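Have the structure open while you read.

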Amino acid sequence: MAVMPMQRIGIYALKSRRKPILELIQRRGVVEIHAEKAEDAVFRQTDTAPAKARFENNTSTLQAALEALDKLEPEKKSLLAPLEGRTPIPLSRYEETAGAAGKTLRAASRVNALWKKCADDRAEILRLEAQIRMLEPWSRLDVSMRTTGTASTAAFIGSFPAEYTEEALKAEIARGAPEIDGVAVEVLSAGTQQTCAFLLCHASNGAKLEAFLRSIGFTYPADRSKKPPQARMQDLNARIEKLRAEIDGAEAEIRTYAALRGAMQYTIDYFSMRIEKYDVLGRLWQSPHVFVITGYIPAESAPALEKELTEKFEAYVELETPAEDEDVPVKLKNNAFAAPVEGVLESYSMPGRKEIDPSTLMAVFYYFLFGMMLSDAGYGLLMVIGCGIALAKFKNMEESLRKFLKMFLYCGISTVFWGAMFGSFFGDAVSVIGKTFFNVDIAIPALWFTPLNEPMRLLLFSFLIGVIHLFAGLGAQFYQLARQGLWKDAIFDVVFWYMLVGGGILYLLSMQMFADMVSLGFTLPAAVGTAGAIAAGIGAVGIVLTAGRESRSPFKRLLKGLYGLYGVSGYLSDIR
């Protein structure tokens with residue numbers, strides 16, 4: 001429909017009333033605040049960063065608590081829960097949430113502390129389990145791993161980086177250190193990469209045996225326990241069981257806070273609103289007694305807000321029409337048919353203040369082309385039924401989602417139409433099922449024609465739609481330029497393209513060769529073709545001469561003009 005006209009608004013009131021005024025503006029949601037005033041000797045801005053940081057920290061605390069609750073006690077939601085949206089709450093509920101924010105925040109902090117303890121205990125369990133795995137190869141050892149012998153013996157407890165049996169290890173010692181006798185060897189465990197052993201010899205040979213053992217890769221355990229490995233493993237398992245019990249207790253306590261999930265969600269919204277409010281407070285210009293709010297508001301919403309601010313807070317409201325060159329926010333207002341495609345438009349670029357809103361024109365072609373491309377009445381019917389039920393049942397869904405479903409509702413209607421025109425209902429499923437299971441030939445006749453039987457007809461129709469689409473876009477550009485009084489630009493950038501493309505099409509339609517190639521049942525008179533060729537030539541020359549008109553150099557203007565003419569390839573691809 002249109003880009004809504006905006007007004008610049010200035011609100012002047014006592015500083016003591018700034019918070020309730022900001023809360024009112026926040027609830028109305030019609031003002032975009034712009035702090036344009038420069039700092040002077042009277043008006044200054046307040047640093048609200050510490051308060052914002054505190055509220056953001058509170059929000060993070062609550063969100064972390066909700067994440068913990070969701071992991072331990074997931075909220076039971078239906079598959080259609082995202083369609084339910086948010087239920088508006090009265091101001092009294094908001095005030096209750098504000099009053100209970102401290103209590104809710106303390107509960108969230110307790111949840112986070114318990115969840116952190118669970119995480120720390122799980123990490124400790126992993127560490128203890130790693131110690132147990134390290135002790136398992138030594139489980140047959142029945143003395144402390146720190147044992148070094150007695151007054152008359154030397155003991156060695158360690159590992160070798162190879163696989164040994166007791167006989168092989170004794171043989172290795174006999175070959176490498178024949179002067180040492182009476183060495184006792186017990187292999188505790190052996191694998192391809194490690195052999196754990198206990199060795200004992202006379203104290204007088206201890207140094208020699210240790211030197212030889214090190215030469216063949218002997219190393220002492222990194223963590224040698226005072227107790228025998230088996231006893232040490234039992235202690236570690238007991239600690240693990242205790243930690244698991246603590247985790248279970250902490251998780252059970254966390255689950256008791258599940259009833260506060262709704263309060264936490266409301267409190268997050270409360271702090272989020274306070275963050276927004278304090279962000280604005282930090283951008284306001286304030287004197288010791290007065291504050292100023294400046295921004296933009298849709299013209300249709302300005303009188304109601306002005307009346308409310310004046311009556312409730314005795315504020316002075318100043319409304320002005322923005323200057324022509326002023327960069328103002330853009331807000332669209334469309335009917336129920338065009339509004340659903342606003343999201344598609346916003347994903348590319350919003351129209352400028354002086355530009356037209358293309359939503360209605362875009363909606364017509366978007367729905368039309370979507371249905372034509374899918375063109376199956378069965379699938380379209382499913383889209384219509386699904387979107388229609390969702391829109392009727394869920395009244396509080398988010399506005400963006402509602403527009404999305406409305407868009408697909410209209411696309412579904414278009415799909416049903418084109419499916420009926422082309423005779424398609426779930427592809428050929430109906431005829432195949434009828435023939436396979438019931439031995440009945442079921443055919444759904446096309447109201448217009450069947451594309452598979454007449455592909456050239458579909459191709460020509462698609463070309464026609466492409467031409468209409470292109471000319472509609474050029475028409476919108478012409479209207480926009482003409483409305484701004486840029487008649488020369490309208491002629492140079494639109495009329496010449498109409499002449500080039502339209503004239504070329506007329507010339508092709510007058511050629512018998514083209515008519516035979518596309519199986520066209522008619523040709524235009526030669527005089528029409530000649531007129532079309534002349535118009536196309538004039539359009540081409542006009543584009544070459546005017547496409548680079550902003551350049552002062554004639555050579556650059558010519559090059560830009562030729563490049564502009566090359567843009568005809570883009571128009572042809574759009575038609576195709």
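## Ground rules

This is a predicted model, so local features need pLDDT of at least 70 and side-chain atom pairs count only at pLDDT 80 or more, while totals for chains, interfaces and linings use all residues. Residues are numbered from 1 along each chain as its sequence is written, and side-chain values use heavy atoms, with hydrogens and water left out.

Helices (H or I, at least four residues) and strands (E, at least two) are DSSP runs numbered from the N terminus.

Two packed helices are described by the angle between their axes and the distance between the axes. Here, axes are lines fitted to C-alpha atoms, for helices over the stretch in contact, with angles from 0 to 180 degrees between N-to-C directions. Angles under 35 degrees count as roughly parallel, over 145 as roughly antiparallel, 65 to 115 as roughly perpendicular and the rest as oblique.

Start with α1 (residues 18-28) and α9 (residues 302-313): their axes come within 11 Å and cross at roughly 155°. That is why α1 and α9 count as roughly antiparallel to each other. Their crossing is right-handed (left-handed if the near helix is turned anticlockwise from the far one by less than a right angle, right-handed if clockwise). On the α1 side, Pro20, Ile21, Leu24 and Arg28 meet Leu305, Glu308, Leu309, Lys312 and Phe313 of α9; contact means heavy atoms within 4.5 Å. The residues of this α1 and α9 contact split into six nonpolar, no polar and three charged. For those classes, Ala, Val, Leu, Ile, Met, Phe, Trp, Tyr, Cys and Pro count as nonpolar, Asp, Glu, Lys and Arg as charged, and the others, Gly among them, as polar.

The axes of α5 (residues 166-176) and α6 come within 11 Å and cross at roughly 110°, which makes α5 roughly perpendicular to α6. Glu172, Ile173 and Gly176 of α5 make the contact with Leu209, Phe212 and Leu213 of α6. By class, the α5 and α6 contact has four nonpolar residues, one polar and one charged.

Asn205 lies in the loop between β6 (195-202) and α6 (206-215). With a relative accessible area of 12%, Asn205 is buried (buried means under 20%, exposed over 50%, partly exposed in between, using a 1.4 Å probe and protein chains only). Not counting residues up to four places away in sequence, Asn205 touches Ile180 and Asp181.

The crossing of α18 and α19 is right-handed. Ala540, Ile543 and Val544 of α18 make the contact with Arg557, Leu558, Gly561, Leu562, Gly564 and Leu565 of α19. Its residues divide into six nonpolar, two polar and one charged.

Arg557 sits in α19 (residues 554-566) and is partly exposed, with a relative accessible area of 28%. Leaving aside neighbours within four places in sequence, Arg557 is in contact with Val544, Gly548, Arg549, Ser551 and Arg552. A polar atom of the Arg557 side chain lies 2.9 Å from the backbone oxygen of Arg552. The C-alpha atoms of Arg557 and Leu545, twelve residues apart along the chain, are 7.3 Å apart.

Is Arg261 buried or exposed? At 8% relative accessibility, Arg261 counts as buried. Arg261 belongs to helix α8 (residues 261-283), and its side chain is joined to that of Asp70 by a polar contact of 3.4 Å. A polar contact is a pair of N or O atoms within 3.5 Å; within protein, one must be able to donate a hydrogen and the other to accept it, and residues adjacent in sequence count only if both atoms are side-chain atoms. Beyond neighbours within four places in sequence, the contacts of Arg261 are Leu66, Leu69, Asp70, Glu73, Pro74 and Glu75.

Arg457, in helix α15 (residues 455-483), is partly exposed at a relative accessible area of 36%. Arg457 touches Trp448 and Phe449, not counting residues up to four places away in sequence.

## Positive phi in loops

Ser375 has a positive phi of about 40° although it is not a glycine. Ser375 is in the loop between α11 (359-374) and α12 (377-393) and counts as buried at 14% relative accessibility.

Phe426 is not a glycine either, and has a positive phi of about 55°. Phe426 is in the loop between α13 (399-422) and α14 (429-437), partly exposed with a relative accessible area of 30%.
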